[in-house]
Amino acid sequence: MEIQINYKEANTQGQLKASTVFPNSAWNRIQELVLSFQPDAEITKSVIVADWTTVLSIVSELASLKKSYGFKTVYNENAKLHLTRFRNEFNAVRAALGNQKITVTVEEIPIMLKQRNFTRRTLTEAQHRDLSVMVSLSNGANFSVPGAGKTTVAFATHILTRESDTYLLVVAPKNAFMAWDEVIEDCMDQSIINEWKFVRLVGGKDTIKQTLETPSLRMIISYDQFIRVSELMARFFATHKVHVILDESHRMKGGDRSKRGNLLLRISHLPVRKDILSGTPLPRSILDIAPQMDFLWPGQSIGKSTIKSSKPHEVLKNFYVRTTKKELGLPPVIRRFYKIEMSPAQLALYGIVRSEFVAKCERIKSSGTIDIRSAKKSVMRLLQISSNPIMVVRSLTEEKFESFQYDDLKIQGIFSAIIEEWDSPKIMKACELTRELVSTGEKCVIWSSFKENVERIATLLKDLGATYIHGDVETGDENDPNTREGRIKLFHQKDGYNVLVANPAACSEGISLHKVCHHAIYVDRSFNAAHYLQSVDRIHRYGLGKEIKTSIHILESIAPTTMGSIDFSVRRRLIDKLHIMSEALKDFDLRQLALDEEEAELPIDSDISLEDIGDIIGELTGIAPFPEEDEEI
């Protein structure tokens with residue numbers, strides 16, 4: 001009476017096969033366990049096929065069932081190998097929970113790094129501290145604020161933990177690739193820089209397959225590319241020693257509910273070591289942290305324990321490091337809020353869309369069902385109108401302003417007025433404020449979530465040398481002014497280029513602007529806390545002199561109290577999210593950071609949660625109060 005547990009390498013799945021005399025009561029219990037973790041597992045009379053991470057998740061309870069029912073478990077060789085690694089990680093988790101003793105001291109780190117050709121950068125005191133903790137863990141998380149040197153610490157962790165045949169694969173947003181190239185230049189001895197450079201896994205499945213046949217010891221790939229070649233990567237992980245680092249790991253926050261998160265969780269048992277990096281690991285709620293911890297420690301239930309705990313920090317505290325802004329000695333940010341009245345036509349269109357949204361929500365309430373995509377689409381439209389209503393008019397008329405056939409003369413009149421105005425009061429205020437600042441010798445970065453705004457503002461400020469970056473601006477040579485890197489270089493080096501207009505999705509990660517720019521203007525805001533925090537940190541990061549004042553200018557559209565303002569709802573929701581992140585990470589500097597920036601040009605359901613929609617309904621129907629002044633964090 002036994003169960004055969006097999007690991008199927010081809011698709012990283014596990015198979016549980018019961019003997020012919022296996023008791024039905026025990027088999028039924030095992031099925032229930034598997035289905036509780038993976039409802040779509042394949043189950044027949046005597047065989048269960050599930051993701052290997054599901055098998056790992058039931059191992060401890062399977063051991064209890066063995067004692068109760070008296071059956072044996074046998075394994076194929078691959079299953080033995082992966083279960084042994086799981087047992088070692090289990091012991092590491094237990095050790096961490098018991099305040100595991102650090103095996104590399106802060107004093108030893110510089111000596112060991114120098115022996116391994118890490119000679120060109122001297123780590124800060126905080127980086128030494130974080131590195132000593134990361135090295136002591138089998139897998140680690142670095143949640144330090146942007147500018148604290150997460151990339152450097154992660155690379156140093158690899159240097160100190162790798163064996164000679166260990167590969168490094170970094171999964172990162174494309175706009176962070178340059179930072180990983182720079183860490184080689186800045187850290188490694190000049191004599192070996194060329195052989196240590198990262199190879200970029202780009203060009204599609206066939207090209208990447210060919211690259212992996214003769215792999216470099218250090219490679220980097222984007223999240224989107226990883227999804228497209230996940231089977232290739234899983235096979236590579238299964239046949240090589242690979243240390244995987246997820247940079248901006250909050251991008252897998254969707255877990256099983258997103259393709260990206262699901263694929264990463266499915267292969268999480270394969271790398272010999274894993275590290276995750278994010279300055280904003282909980283951009284929406286405490287739920288965001290669970291997939292990231294489950295990636296690091298599959299089957300150990302750390303993510304689930306964190307979510308269920310009334311004190312999540314107590315669960316997490318031994319598994320991550322974080323350097324705060326206070327530890328970096330940064331001067332505080334100065335925040336200024338600007339209340340912007342909508343134009344009459346803008347307000348009229350806002351009122352119509354607002355009424356439609358409220359009516360839709362009333363129907364949802366009465367029917368008990370919700371079309372989440374439709375609701376989020378309405379929210380995005382309200383955000384667009386609040387920012388610059390011409391975007392909605394262009395979309396609804398398909399840009400056929402002169403020939404579009406209207407059924408409603410009232411709508412025609414509103415649209416005609418918006419077309420005649422073209423630029424919203426917010427756009428005009430952003431340009432006016434920028435001109436004032438540039439006239440005093442300052443440079444400015446202007447943030448908007450919407451591509452149309454980014455390009456329009458850059459056009460209006462062309463005489464100030466404005467350049468722009470959004471998702472359609474490709475990465476490339478820094479000497480090419482048409483590339484992302486080229487435009488950043490111009491903003492840094494040329495006196496005539498005084499304005500950079502950008503959206504957070506394209507420009508909130510992997511760049512530093514603090515040496516030349518100390519003013520950021522936010523034309524619009526939305527529900528993605530990570531993008532706002534990171535965009536602020538482009539100009540407020542380590543290296544600022546104590547005399548430098550960093551100013552954040554936030555534009556908010558106002559509406560009559562009876563209508564409610566989408567911008568006020570955004571602010572309130574971001575306050576809630578920042579409180580949650582602050583409490584989970586015990587970083588109260590987060591209370592000094594404000595609001596957030598919408599993730600640009602992503603699907604409409606990217607970051608708007610049911611809680612966000614609930615708050616919007618409250619704002620638009622007059623139930624939710626406007627944030628108090630002392631909550632303008």
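Two strands pair if DSSP finds at least two bridges between them. Strands (E, at least two residues) and helices (H or I, at least four) are DSSP runs, numbered from the N terminus. The model is predicted, so local features need pLDDT of at least 70 and side-chain atom pairs count only at pLDDT 80 or more, while totals for chains, interfaces and linings use all residues. Residues are numbered from 1 along each chain as its sequence is written, and side-chain values use heavy atoms, with hydrogens and water left out.

**View 1. The seven-stranded open sheet has parallel pairing.** The strand order is β8-β9-β7-β10-β11-β6-β12. At the edges stand β8 (199–200) and β12 (320–321), each of which pairs on one side only. Within the sheet, β7 (residues 167–172) and β9 (residues 218–222) are parallel and share five bridges. In this pair A172 lies opposite S222 of β9.

**View 2. A second open sheet has five strands and mixed pairing.** Here the order is β3-β4-β2-β1-β5. The edge strands, β3 (42–43) and β5 (72–75), each pair on one side only. Helix α2 (residues 52–69) packs on this sheet and touches β1, β2, β4 (47–51) and β5; contact means heavy atoms within 4.5 Å. The direction of α2 makes about 130 degrees with that of β4. Axes are lines fitted to C-alpha atoms, for helices over the stretch in contact, and angles run from 0 to 180 degrees between N-to-C directions.

**View 3. Strand β2 pairs with β1 and with β4.** β1 (residues 2–8) and β2 (residues 13–18) run antiparallel and are joined by six bridges.

View 4. On a 1 Å grid over the protein atoms alone, a pocket is an open set of points with protein on both sides within 12 Å along at least five of seven lines; a cavity is a set where a 1.4 Å probe fits but cannot get out, and lining residues have an atom within 4 Å of a point. Grid points are joined across faces, edges and corners, and a volume is the space filled by probe spheres set on the points.

**View 5. Helix α23 is mostly covered.** Seven of its 10 residues are buried, among them R484, E485 and F491. The buried residues pack against α7 and α24 (504–507), and against the strands β14 (444–447), β15 (467–469) and β16 (499–502).

**View 6. The largest cavity holds about 60 Å³ of space.** The model has three cavities of 30 Å³ or more. Residues lining the largest cavity include H82, R85, F86, E89 and K274. Helix α3 (residues 77–97) gives the largest share of this lining, four residues.

Note on methods
Buried means under 20% relative accessible area, exposed over 50%, partly exposed in between (1.4 Å probe, protein chains only).
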